[in-house]
Amino acid sequence: MAITSSLPASSSATNTAFSSDFWDLYKSSKRDTGYVLDWLRRTVENAARTKKSKTAIAPIGERLTVQNLLQASELVSKRQITAPLYVRGAFKRTLVKRRQITEWYRQREAIDPTVQPANEKHAFFNDALATAYALMCPDQDEPAAQPVSEKAASKPTRELAPQPSKNFFDVLANIPEEEPGSPVLELAERDVPQDVPEPPEYVFVDDPLAEILDLHLYVLEMDALVSAAKHFWKLAANGDMPVPLAAWLTTAGFAATKHLCDIVTPAIGGHQALIHHYTSKRADLGISGIDVSKEMAEKTGESPVYKDFSDGLALAFPCSALINFKRDKQHDSNFMAVVERQPIAKSFIPEEKEKQDKEAFMQNVMKTISDPYEKELPQHEAVAVMQLLAERQAIDSNAMQSVLRSITQLIRDEKTKGTSVKDDFNPLLPETREFLQSKDVFPGTGLVVGLQMMLETCKSFVYRDSVPNPMNCRMMALRFAQEVTQNIQLVNDHDAVAKNHTVPVASGLVGVSDRLKAFMREKRLDLYSQSPWTGGQQMVQIIAYALEAGLLLCNQRGIVGTVLHGYNAVQQLAEAPIKNPLLDALSNFLVEAVFLGRAPSSNFQSVWMRFLGGGIDKKNVRGKDGKKFAITLPKRPTNSNNSTDFQKRIDAFSLSLFHNLYGTDWMGRPEFWAQVFTSRTKKTASKQEAMQYETKLHRRPFGDALYMMSDVVSEEFNSEFPIAKVNFFAVYMTCVDMLTEISRRAVEERPEELRWAWDLGGMDSHTDAAAGFAFIGFLLQDVDTRATKTKADLSKHSGLRLVQDAINHVWGEKKLEDFFWKSFLVTSELPPLAADQVLCRVQYISNDAGQRGFIGIGVADDRMYVPPVAVGAAMRAGIIAVVVDSRAASLPVGSTVMTLHMGRWADTVVLDAADCQLLDPASGIAPTHFLGALGAPGLAAYYGVVEVLRAAPAHTLVVSGAAGATGAAAVQIAKRIVGCRRVVGIAGGAAKCAWVVSALGADACVDYKSAGFHEELARATEGYVELFFDNVGGAVLDAVLPRMARGGTVAVCGAVATYNDPAPMRLGNWMEVVSMRLQLKGFILLDYAEKIPEAIGKLVEAVREGKVVLGEEMETVVETGIEGVPETWMRLFEGGNRGKLVTKLVQ
């Protein structure tokens, strides 16, 4: 067996690594060569048109040979054509830089003499360049090469070629020793005239140096991308960069790199050929890890710079994983049936540990290989190295197989469910689908890069200083989707009265809402769905939906723009105008779209009508004084289908760079790159400028472009008005309310200056946004007329004062932050303590399925037993906390308190002493049980069994959700306190059912997930049952109804099976309620609030008597930071807990 020695170089290896300036040097030399060749190409083309030559000169294309260069140079020499100064300077710089490059290779000869023949090839090529320089620039300092003889010059050009030089440095002896980056060279590079376009990238097909370096720089692009992405996700992990921005940059970088891979790799012969050519060429030239750049290392903080691709490992390893998965794993039914549900950190190790493992791996490799410079390792060494490599990559291998399994499950869901998973929601899904459906054995390089990047971004995010990162991007995306969906519903409810929606807007909102609801129904918590890139990209998609739909809404009917025009008139003219932070921010943000470049200080109506666009209605009317005058108003759309609107100026593509790149398949329009390269000073680009930007992108690794994009686009997340975070649905509704309030006030208190509008029938008694819109139009015309004709003092115009008062009334106590999305962590200032209040540091948070009702479960808000939690507010919860400050005599500092329902998902809370219960640390009972068996779940179970069902020893009682907190308590209370004849539990999974019987004392427990559930339930309830304590609803309730005895009672405590299902619950056995005269009684704990202390006392007594068993197995306690609280709560709906689920908050 033989293996190519392409392993990463050890820090102790003697290989000569290229300088960190190498990238810049080689790229700039190619750019200078491009200027020379571009001029030669035009010169040859002109010569061909003007004068025929005896010897045909081959045209210069973007791929050429040295012979083509020499022929063109000879033509210039014979015709005595003088090259421009910038061309001569570029050619001279090319030779200097080529010498620098060759010197690096010469250093290698002292270590490895076998590279000398390759260096002679480099010198031979440079001799050709020197000859061409001597022909083109005879009046310059000539290189001390052997001059071309007259005889040679008279021969056909095809024979003109230099002989191999044994001393390349003599060939270039007379060229100045100017170093790249020196003032002399920098000054010379500025001599290129501005009207000279950036040259295309020419390729010498017979340049041995270019062949390997271009290939190596292609691979370095991959390193640069991953290095930048890892840096972004480290920032995101520490809270220094928004997760969606990190994902946006990652996807943009991947898209650019994939585009490059789709061009370059097929030209090489595919990914297999890329691996072969790269490793062999790399070994031939002794390249040992060229740094992308010193600047890149400083930016990323990577030490060393990420270089798994240039080391060769990342080219081969993901490729092997993909091949193995396609060939074997995807056909393994057991493997593909696995549904993962575990914290993502379990799939990786901390970065510090990984570095230690890598160093140990390198040391073992160097001990194994006898000669690191051999291209082919002996068989025994190759086997040993492969074994070390397999051990080193075991964790990554499992992670890659998990990612590929999850993506394939998504692809199969598309087929079986007839649904289409939006590719923008799931990175690598389209690339994986294409590979699995193709007949190719080897994947494309783009997919290889993407899979490696998926893992590397996880490694940079899931640990912070060797501690698992509590942030879960999957949960953040789900919360964000829910918030946007709720706001769309609010907008639609709002419009049920306002009736402003056009058909396109209404259908667009429905489409976004449906897509987000479908996304929220995808109950996945595997490695792929929890990976930061996946969760972050889902947030990118949601932001894009929200931005596009929200700004489309703001454009609707000209409502938002009209409010801004009215507000601007108030600010410009009214006496002592009051500033509004939202309208000020919108005026700045929409200055181009709404004010066409500048907020007007006169001609208000004219600018407003230009903003609206379309036609105008102009009428000549006669006033009360008999004088004629004209009124001009916009011609409002009158389409009967409500499908037309004013001109759509407010557009997400032009207003947001974040959305611009996303909406152009990650390629970016010219205006995008114009703003990136000029830091937003330019917003448009000519065709020539667009070509210049494209060339600049190609000159540098795209990783550098990502840093530029980050600097510019971060403003959309971190500025005072971060448009990527702005809830434009709320903006629109507020503006509608402002116009409606303006119309209401106008009806109640008609401004004296505008009575003519009522006299002419332009205004009526309507109080809606349309009437407010009309009022603004009349107001703007009136102030323009008075300003130009009567020169009246407008500062006290009652119409302006009315608009200002209406805006202030609607604004009320709002803040600008109220219009930002709340799905990210919010830091809020707690109010000062009032009398009988305490400030508490939260220790434990209760997780209860009933909390789902606080955020909407299909019941109208006014019919819920508690008010819903407002969007953006902290979730209510039961908590246990320590008092850190107190103004309540009964609760001193240091006390441990519990509140059943007045706590919050927060690390610190202010509580009323009346809502707190003091816990006795000397009771011997773990405090967490006061959130479970002795808290709300246990109390609900107690009152449900004792008060609602009136259970007695003669009864048989069934409990659904028997392994949950409330169900487990109900089983014990029914069996051990009441002493029911028979207690039957229902739970999910054989292990849980066994626990319900052995630990809780149930007589039987039925697995509702079992294929024989109905038959097993019938056997367990033989003779029928009198009582049913239901926590689940849905199919379980439907299955139990036929097992109820006549006159039986069902205590309905919850319906957890239906909380996340948008479809209404259907009961096929509902007639059992009628035929068996059953009673269904719903109840809540608050019904028995006054009796709670009494019940707690009875439960504590039962614990001491051994009737109710507490212990670690009765609860599941999860430690997490505040960021991980929602994810822990979600376990309730996935069956991820046994007994009470408690969050222990790590401060």
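**Entry 1: the cores**

I began with the largest nonpolar core of this predicted model. I found 183 residues in it, and those with the most contacts inside it are W248, M709, F721, F729 and F775. I then looked up which helix gives the most to this core: it is α22, residues 532–555, with 13 residues.

**Entry 2: a helix pair**

Next I turned to α33 (residues 728–748) and α35 (residues 769–790). I read an angle of about 75° for their packing, with the axes 7 Å apart. An angle from 65 to 115 degrees counts as roughly perpendicular, and α33 and α35 are therefore roughly perpendicular to each other.

On the α33 side I wrote down V736, L739, T740, I742, S743 and A746 as making the contact. On the α35 side I have A769, A771, G772, F773, F775 and I776. Sorted by class, this contact has 9 nonpolar and 3 polar residues, and no charged ones.

**Entry 3: the open sheet**

I traced an open sheet of 6 strands and got the order β16-β15-β14-β17-β18-β19, with parallel pairing. Which strands stand at the edges? They are β16 (1004–1007) and β19 (1079–1082); each has a single partner strand, so one side of each is left without a neighbour in the sheet. Neighbouring strands here are turned by 20° against each other on average, direction ignored.

I took a closer look at β18 (residues 1044–1052), which runs parallel to β19 and is joined to it by 4 bridges. Here I spotted V1052 opposite G1082 of β19.

Then I checked which helices pack on the sheet. Helix α37 (residues 936–948) does, touching β14 (956–960), β17 (1025–1030), β18 and β19. Its direction makes about 155° with that of β17. Helix α39 (residues 990–998) packs on the sheet too, touching β15 (982–987) and β16, and its direction makes about 165° with that of β16.

**Entry 4: T1128**

My last stop was T1128, which I located in helix α44 (residues 1125–1130). Is T1128 buried or exposed? The cut-off for buried is under 20% relative accessible area, and at 3% T1128 counts as buried. Setting aside neighbours within four places in sequence, I found T1128 in contact with N847, V1118, T1120, L1141 and T1143.

Definitions and conventions
Residues are numbered from 1 along each chain as its sequence is written. This is a predicted model: local features need pLDDT of at least 70, side-chain atom pairs count only at pLDDT 80 or more; totals for chains, interfaces and linings use all residues. Side-chain values use heavy atoms; hydrogens and water are left out. Two strands pair if DSSP finds at least two bridges between them. Helices (H or I, at least four residues) and strands (E, at least two) are DSSP runs, numbered from the N terminus. Axes are lines fitted to C-alpha atoms, for helices over the stretch in contact, and angles run from 0 to 180 degrees between N-to-C directions. Contact means heavy atoms within 4.5 Å. A nonpolar core is a set of buried Ala, Val, Leu, Ile, Met, Phe, Trp, Tyr and Cys residues joined through side-chain atoms within 4.5 Å. Buried means under 20% relative accessible area, exposed over 50%, partly exposed in between (1.4 Å probe, protein chains only). Angles under 35 degrees count as roughly parallel, over 145 as roughly antiparallel, 65 to 115 as roughly perpendicular and the rest as oblique. Ala, Val, Leu, Ile, Met, Phe, Trp, Tyr, Cys and Pro count as nonpolar, Asp, Glu, Lys and Arg as charged, and the others, Gly among them, as polar.
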